[in-house]
Number of protein chains: 2
Amino acid sequence: MVARKREDSEWRTMAQAHRVLILGGGFAGLNAAKKLKRAPVEVTLIDRRNFHLFQPLLYQVATGSLSPGEISAPLRGVLSKHKNTEVLLGEAAEIDPDAKRVTLRDGACFDYDTLIVATGSKTSYYGNEEWRQSAPSLKTVEEATAIRHKILYAFEWAERSATEAEAREWLSFVIVGAGATGLELAGALAEIANETLRHDFRRINPTEARIVLMEGGNRVLAAYPPDLSEKAEILVKRLGVEVMKGVMATAIDNTGVTYKRGDTTEKLKARTVLWAGGVTATTFGRTLAERTKAETDRSGRIIVRPDLTIPNYPDIFVVGDLAAAKEKDGKPLPGVAQVAIQGGTYAAHTIRARLKGNKDVPPFRYFDKGDMAVIGRAAAVANVFGLHFWGLPAWLLWLFIHLMYIVQFQSRVIVFIQWGFQYMTFSRGARLITGTGDGDAQGPPAPRAAKC
Amino acid sequence: MVARKREDSEWRTMAQAHRVLILGGGFAGLNAAKKLKRAPVEVTLIDRRNFHLFQPLLYQVATGSLSPGEISAPLRGVLSKHKNTEVLLGEAAEIDPDAKRVTLRDGACFDYDTLIVATGSKTSYYGNEEWRQSAPSLKTVEEATAIRHKILYAFEWAERSATEAEAREWLSFVIVGAGATGLELAGALAEIANETLRHDFRRINPTEARIVLMEGGNRVLAAYPPDLSEKAEILVKRLGVEVMKGVMATAIDNTGVTYKRGDTTEKLKARTVLWAGGVTATTFGRTLAERTKAETDRSGRIIVRPDLTIPNYPDIFVVGDLAAAKEKDGKPLPGVAQVAIQGGTYAAHTIRARLKGNKDVPPFRYFDKGDMAVIGRAAAVANVFGLHFWGLPAWLLWLFIHLMYIVQFQSRVIVFIQWGFQYMTFSRGARLITGTGDGDAQGPPAPRAAKC
């Protein structure tokens with residue numbers, strides 16, 4: 001017998017409480033839910049996934065250092081002590097902002113009193129959707145696994161190549177976009193080639209892999225202060241990565257990248273291309289903008305009011321990557337974890353304040369703790385409260401901060417023991433190629449030298 | 001520049017050495033390769049996967065305790081110090097035993113002097129291939145992940161069910177087959193329902209899940225001594241699992257299992273059915289039997305000579321699950337890790353002895369250290385050198401032996417810290433549902449109570 005924990009009558013009573021519906025369990029949505037723990041509201045958190053993903057470490061899944069489970073926390077587990085909160089699996093598809101109702105893709109619908117939309121962003125190929133096929137990006141667990149397979153297959157097929165030219169193509173890697181993600185991927189890839197796989201092959205020499213980081217602008221880490229961009233470039237070059245600046249990719253397929261530098265067009269042959277470009281709003285984000293007639297910025301983010309609500313809809317908060325919020329000086333806020341966390345927290349506090357009858361909640365103010373990007377072992381850059389660090393100090397800081405954050409929600413001390421272990425030994429525990437085992441991510445395998 | 005490590009001329013010289021080709025990097029194949037480390041042979045190990053899987057812990061991946069990377073070791077990493085060994089990714093498709101040549105699915109071919117076939121077994125649905133769709137089995141990493149998704153989705157959709165009857169179907173689980181795998185799955189599933197998910201839902205009570213272990217024979221763990229079967233049944237029942245003996249599944253689909261008990265046919269409604277039935281030879285195993293005209297047993301295993309070679313082909317060893325080997329008394333050896341490990345080692349030693357001119361290598365003798373099956377925390381049964389243990393002592397023994405084994409090849413101490421942690425807290429770190437996030441493993445999601 002499956003007894004419902006709550007009787008239907010009791011359930012109806014509870015439904016009288018102020019209903020907060022949160023869409024998305026990322027940094028913004030999860031933090032909003034957490035901050036509503038003891039509020040007199042009924043919270044429903046809906047996500048397509050049953051887990052919260054610690055996205056800043058996703059590149060470590062892509063490069064085989066960590067398993068997806070190690071950077072994820074089941075949403076139910078995180079919120080199991082929140083008795084006023086229920087977590088449901090589903091994907092929002094439609095909204096009627098006047099009737100205050102959200103409909104899921106499977107047809108179920110949810111009425112709300114206050115809605116928090118935190119559905120985030122997805123990768124943008126700047127109108128070249130066909131590039132997605134050849135150049136995966138690093139946004140979801142599945143994409144991270146796909147990148148891992150692509151990288152590992154490349155070395156496998158290089159080993160089985162019939163000619164040196166073919167092997168060279170398999171050992172050429174291009175990462176398009178030199179933001180934080182691009183640098184992380186390039187650095188980790190260099191460490192895989194130079195250290196992890198160093199002694200694992202018989203016919204090829206992994207340390208001779210060519211890793212190219214391509215950037216359209218004139219410096220890496222464009223969002224950082226110029227001196228840190230310079231340092232980051234030095235650090236990544238030290239690992240053997242080639243940095244190409246001021247080049248625009250014009251075509252990407254399974255054989256490489258065609259790019260323009262000034263007036264000349266060239267092709268870089270590489271069997272592995274990874275995309276670390278921009279992001280755009282999710283499908284539901286676009287629907288929300290249409291239904292509420294909200295303005296969006298160039299990348300589809302919804303332009304919100306100073307209190308993170310949509311104009312004319314004070315009961316719809318937009319937080320995280322989907323929101324185009326501004327600092328006091330009008331500077332747009334970046335799509336990073338800190339902005340999402342603080343936005344989610346702000347929405348929760350505003351809801352609490354309004355329920356107490358306080359109508360004049362002060363506008364959202366982003367408290368900028370700084371930024372950091374990691375390139376490799378003992379190699380990072382950090383801008384913390386205006387102080388610039390690089391190299392080992394920045395890396396230790398990065399390690400410490402990520403450690404503190406990830407530990408807090410699941411006692412995942414284990415990740416850090418493991419990390420420490422891997423950083424010492426250069427081993428990578430999660431070097432699995434799963435799937436059909438048939439080279440599906442890479443097309444047909446290269447034939448071996450010995451012909452039949 | 002990608003310089004080949006070996007010049008072609010050097011490569012040809014080395015090819016003069018005795019060439020040992022090993023197909024499969026499981027317990028049998030990997031151990032054969034390991035034992036040939038300093039032998040005057042050129043070893044090529046070919047596997048469809050780039051990793052060795054520690055299969056006895058696969059059920060922990062299925063039940064969300066461990067990530068696939070934690071029970072796997074990259075074959076290249078394990079064999080990187082074996083300078084006479086190369087590892088290649090590929091799948092054997094054809095063999096010409098007289099020309100001594102193996103051809104891969106991608107067309108590449110390999111000549112050998114001695115061949116070691118260790119391609120293992122795959123799940124058998126006893127002629128009902130259509131059951132595979134609804135009832136995944138526990139043989140590969142992908143299947144383990146599929147089982148994990150199926151289990152976690154079941155609880156999610158139970159929470160979103162419109163009626164109590166529907167929720168009850170989602171909370172009913174059937175495991176077909178009460179061998180070691182079936183018991184492990186049933187026990188772990190009971191612990192998930194009773195402990196891990198206990199406080200995570202609002203509308204359903206996970207501890208009221210119904211878990212049924214179905215067995216055609218008249219006792220669980222049929223391969224064990226009868227007293228341990230009895231103890232195992234007591235232990236698994238103590239966790240709340242229903243044991244149904246003497247019932248034959250006659251139909252399996254997404255709504256449940258139809259079974260026969262004596263002359264009556266009944267149906268057990270359950271949205272989650274897992275298959276823990278028998279195994280059969282791999283496709284390449286069948287090809288090998290045809291080409292060498294070798295006899296096979298009922299489940300397609302090749303009947304080998306006392307030295308594990310195929311009759312008339314003394315240069316083809318068959319080891320591991322694919323071999324139907326016999327003990328001195330004629331009793332067939334079971335398809336377990338220990339038989340595979342010892343078989344692989346024996347093949348390697350025989351090759352070494354033959355190269356030294358020793359033609360009279362003694363036949364393979366299996367040294368039976370015993371068997372153990374784990375049911376849950378502090379619950380296992382073990383038969384070690386004829387001594388029978390159960391409960392906590394058996395479980396500690398199981399833990400210790402698996403610990404020793406897995407640690408040896410990758411310093412994976414971490415798994416055991418993690419394990420200890422999870423056994424204390426009942427938490428499960430790898431409770432992720434990945435994939436399209438759309439209920440793909442489970443059909444359409446159940447609509448929620450509130451209709452639109």
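Visitor: At what angle do helix α2 (residues 27-35) of chain A and helix α11 (residues 337-355) of chain A pack?

Guide: This is a predicted model, in which local features need pLDDT of at least 70, side-chain atom pairs count only at pLDDT 80 or more, and totals for chains, interfaces and linings use all residues, while side-chain values use heavy atoms, without hydrogens or water. Residues are numbered from 1 along each chain as its sequence is written, and chains are lettered from A and ligands numbered from 1 in the order in which they are written. Helices are DSSP runs (H or I, at least four residues) and strands likewise (E, at least two), numbered from the N terminus, and axes are lines fitted to C-alpha atoms, for helices over the stretch in contact, with angles from 0 to 180 degrees between N-to-C directions. The axes of α2 and α11 in chain A lie 7 Å apart, and the angle is about 35°.

Visitor: How many nonpolar residues does the contact of α2(A) with α11(A) have?

Guide: Contact means heavy atoms within 4.5 Å, and among the residues that meet are A:Phe27 and A:Ala28 in α2(A) and A:Ile341 and A:Gly344 in α11(A). Ala, Val, Leu, Ile, Met, Phe, Trp, Tyr, Cys and Pro count as nonpolar, Asp, Glu, Lys and Arg as charged, and the others, Gly among them, as polar. Besides four polar and two charged residues, the nonpolar ones number seven.

Visitor: Which side chain does B:Glu86 meet in a salt bridge?

Guide: A salt bridge is a side-chain nitrogen of Lys or Arg within 4 Å of a carboxyl oxygen of Asp or Glu, and the whole structure has 50 of them over all chains. This pair crosses between chains, from strand β5 (residues 85-89) of chain B to the loop between α8 (180-196) and β12 (210-214) of chain A. At 2.8 Å, N to O, the partner of B:Glu86 is A:Arg203.
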